[in-house]
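Q: Please take a close look at one part of this model. Start at a single residue, then show how other parts are built.

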Amino acid sequence: MFEGGGYGVGVTVAVLDVPPWPAELVPAGVTARPSRLGEVMPVGARTSPEIAVELQRIEQLEARLAAYRTELIGELAARRPDSLDRQIGEPGAASPDWLPGAENEPVPGVSEFFADELAHILNCSRTAATTLADQSLVLLRNLTGTWAALADGALDWPRARALAVELGPIARDVEPQVLAEIEAAVLPRAAELSISRLRAAARAELLRRDEEAAERRRKQAQRRADVTVKPRPDGMAEFTVFLPRPMARAAFDTVDRYARMAKADDPSRPIGELRVGVFLDLMLRPWDASRPPVTAHLTVIAPLPADPTSPAPSAEVDGQPITTSQLRELLERLDAMCPGGLRAPAGGSLDLALVDPRTGALRATVTRHQLEGLARRGCPIHPDGDCGCSVLDRPPATDRYRPSVAQRRFTTVRDRTCRHPGCGNSAGWADLDHVVPHAEGGETSCENLCCLCRRHHRLKTFAPGWRFEMTPDGALSVTTPSGITRTTRPPGYWAAMGYPEPPVEAQLMAQVGAGSGGAAAGYEVDDPPPF
């Protein structure tokens with residue numbers, strides 16, 4: 001037990017009751033210390049599954065402690081109201097012309113000096129204290145469902161914090177019911193999503209419910225676009241460009257494609273160093289015509305609702321939700337809009353992804369030309385009637401090792417990223433892996449293929465003790481050597497888990513060019529089995 005005082009009031013804080021070292025074991029001149037947990041509960045005696053379970057228990061305890069910390073911060077903040085501060089016009093009041101940066105703004109309703117006190121208590125910077133206080137109060141006041149999941153140990157602190165960061169800035173501008181609906185939609189699947197995908201899911205739910213407000217915030221943010229340079233140690237600097245996400249993605253993809261081409265010529269150089277070299281060449285030597293042309297590619301997903309009168313789900317660019325207005329601007333900039341609807345941009349392609357309106361599961365992928373041909377021909381068995389027969393489905397299995405072009409298109413459209421839990425590497429750079437190895441009888445079919453980045457493909461193939469299993473609908477379960485299993489599902493496929501998903505009859509997936517022109521730079525994995 002620890003007893004102390006603060007503000008003239010004695011307090012008692014309970015801590016883990018660990019017995020001290022026996023006095024006879026403490027060397028002379030050394031101050032006795034409490035026993036460490038690893039000494040009380042030796043880790044060397046535990047099996048691998050026991051270690052995994054213990055780590056998960058610690059994760060739950062840390063979540064509950066984080067929730068308790070937010071309560072303590074909230075209570076202390078309530079005892080430091082801004083009414084105790086000097087008001088504008090009084091001697092010693094803060095100048096109304098002084099505008100602190102967003103990272104140092106006082107929490108509304110709380111004393112401007114509360115962050116200083118919290119920083120003093122936690123021995124951290126005022127910026128860090130302000131951020132922690134703001135996130136804590138957002139969880140306590142606005143995201144009560146998220147806080148409850150954190151307090152119950154059902155949601156870890158990084159994911160709770162991610163939701164606070166994503167929804168905190170708009171928490172005071174939207175109705176509490178809207179925030180509650182967003183929480184109800186994303187919390188049941190939050191543990192299965194990476195931090196970035198969780199933030200994207202929350203942003204998509206917000207767009208679905210309040211797109212006008214989101215569009216206003218986007219335009220305000222766009223006016224803050226800028227280029228900055230910050231010095232860093234060891235003679236380095238950080239060059240930062242703040243710009244709209246689709247353009248940022250297109251710019252990075254252009255740099256990355258050139259860097260990968262250079263990597264093929266010189267495998268010894270790190271890919272990051274090559275990206276910097278390419279970036280400088282493009283910026284400082286724009287007249288250089290010796291570079292082969294490449295086209296940056298963006299994956300644009302524009303869902304079409306089954307009911308034309310209902311609002312469509314938010315569009316996405318490389319997995320990140322955007323507003324309808326931003327989608328229209330992007331397609332116009334890429335010259336993908338035409339009087340008849342959409343067309344493939346120069347150097348790009350336009351694919352239609354047909355999904356099950358009940359579950360969101362991908363059923364088929366087809367080009368616009370192929371779909372128009374199927375519509376003209378109709379059912380080959382009943383050419384004269386509307387029979388309702390299926391004329392389009394997922395590509396059939398093949399008897400060879402390498403997937404067909406149609407299988408590659410279907411699988412990359414279905415998965416969009418590496419399917420290993422927590423990995424967000426683009427499917428465009430991923431390997432198509434046989435979940436059941438081809439050498440062990442696994443067929444080359446969409447039900448047995450999934451996208452894995454090269455690292456996780458190597459892990460699955462060569463790391464001992466890992467187990468991968470996939471259901472016909474694409475749900476991939478990965479089990480570690482210590483026995484922990486996590487499951488990822490294709491984006492949009494949540495109805496099978498009982499989570500609501502807006503009905504969608506078709507999704508337009510356009511690989512759209514936005515680079516320096518010319519043919520698209522391909523990346524085909526052509527290694528021998530097992531890859």
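A: Asp 234 counts as exposed because its relative accessibility is 75%. The model is predicted: local features need pLDDT of at least 70, and side-chain atom pairs count only at pLDDT 80 or more, but totals for chains, interfaces and linings use all residues. Residues are numbered from 1 along each chain as its sequence is written, and side-chain values use heavy atoms, with hydrogens and water left out.

Asp 234 sits in the loop between strand S3 (226-232) and strand S4 (236-242). Its phi is near 60°, a positive value in a residue other than glycine. Now turn to Asn 123. This residue lies in the loop between H3 and H4. Asn 123 is exposed, at 72% relative accessible area.

Next, the overall count. The protein chain has 15 helices and 17 strands. Both kinds are DSSP runs, numbered from the N terminus: helices are H or I with at least four residues, and strands are E with at least two. Of the 531 residues in the chain, 37% are buried. Contacts also reach along the sequence. Contact means heavy atoms within 4.5 Å. Among contacts between residues at least 6 apart in sequence, 60% join residues at least 24 apart.

Which residues have the most contacts inside the largest nonpolar core? They are Phe 114, Leu 143, Leu 150, Trp 157, Leu 167 and Leu 179, in a core of 39 residues. The elements giving two or more residues to this core are helices H2 (48-78), H3 (114-122), H4 (126-141), H5 (144-151), H6 (157-167), H7 (176-186) and H8 (195-209). A nonpolar core is a set of buried Ala, Val, Leu, Ile, Met, Phe, Trp, Tyr and Cys residues joined through side-chain atoms within 4.5 Å. In soluble globular proteins, nonpolar side chains tend to be buried together. Look at Leu 150. Setting aside neighbours within four places in sequence, Leu 150 is in contact with Ala 63, Arg 64, Ala 66, Ala 67, Leu 155, Asp 156, Trp 157 and Ala 160.

Now a helix pair. Helices H10 (residues 245-265) and H11 (residues 271-284) pack at an angle of about 120°, and their axes are 8 Å apart. The axes are lines fitted to C-alpha atoms, for helices over the stretch in contact, and angles run from 0 to 180 degrees between N-to-C directions. On the H10 side, the residues that meet H11 include Phe 252, Val 255 and Tyr 258. On the H11 side, Ile 271, Leu 274 and Phe 279 are among them. By class, this contact has 10 nonpolar, 1 polar and 4 charged residues. Here Ala, Val, Leu, Ile, Met, Phe, Trp, Tyr, Cys and Pro count as nonpolar, Asp, Glu, Lys and Arg as charged, and the others, Gly among them, as polar.

Charge pairs come next. A salt bridge is a side-chain nitrogen of Lys or Arg within 4 Å of a carboxyl oxygen of Asp or Glu. The whole structure holds 26 salt bridges. Glu 54 pairs with Arg 46 at 3.9 Å, N to O. Glu 54 counts as buried at 18% relative accessibility, whereas Arg 46 is partly exposed at 27%. Arg 285 pairs with Asp 281 at 3.8 Å, N to O. Arg 285 is partly exposed at 36%, and Asp 281 is partly exposed at 29%. A network of salt bridges links Glu 181, Arg 189, Glu 205, Arg 208 and Arg 209.

Asp 415 and Arg 414 form a salt bridge at 2.7 Å, N to O, and both residues are buried. Helix H14 spans residues 405-415, and its buried residues also include Gln 407, Phe 410 and Val 413. Just after H14, Arg 416 takes a positive phi of about 70°.

The loop between H14 and strand S12 (431-434) holds Cys 423. Cys 423 counts as buried because its relative accessibility is 10%. Not counting residues up to four places away in sequence, Cys 423 touches Arg 197, Thr 417, Cys 418, Cys 453 and His 456. Cys 423 and His 456 are 33 residues apart along the chain, yet their C-alpha atoms are separated by 8.8 Å.

Note on methods: Buried < 20%, exposed > 50% of the residue type's maximum accessible area, 1.4 Å probe, protein only.
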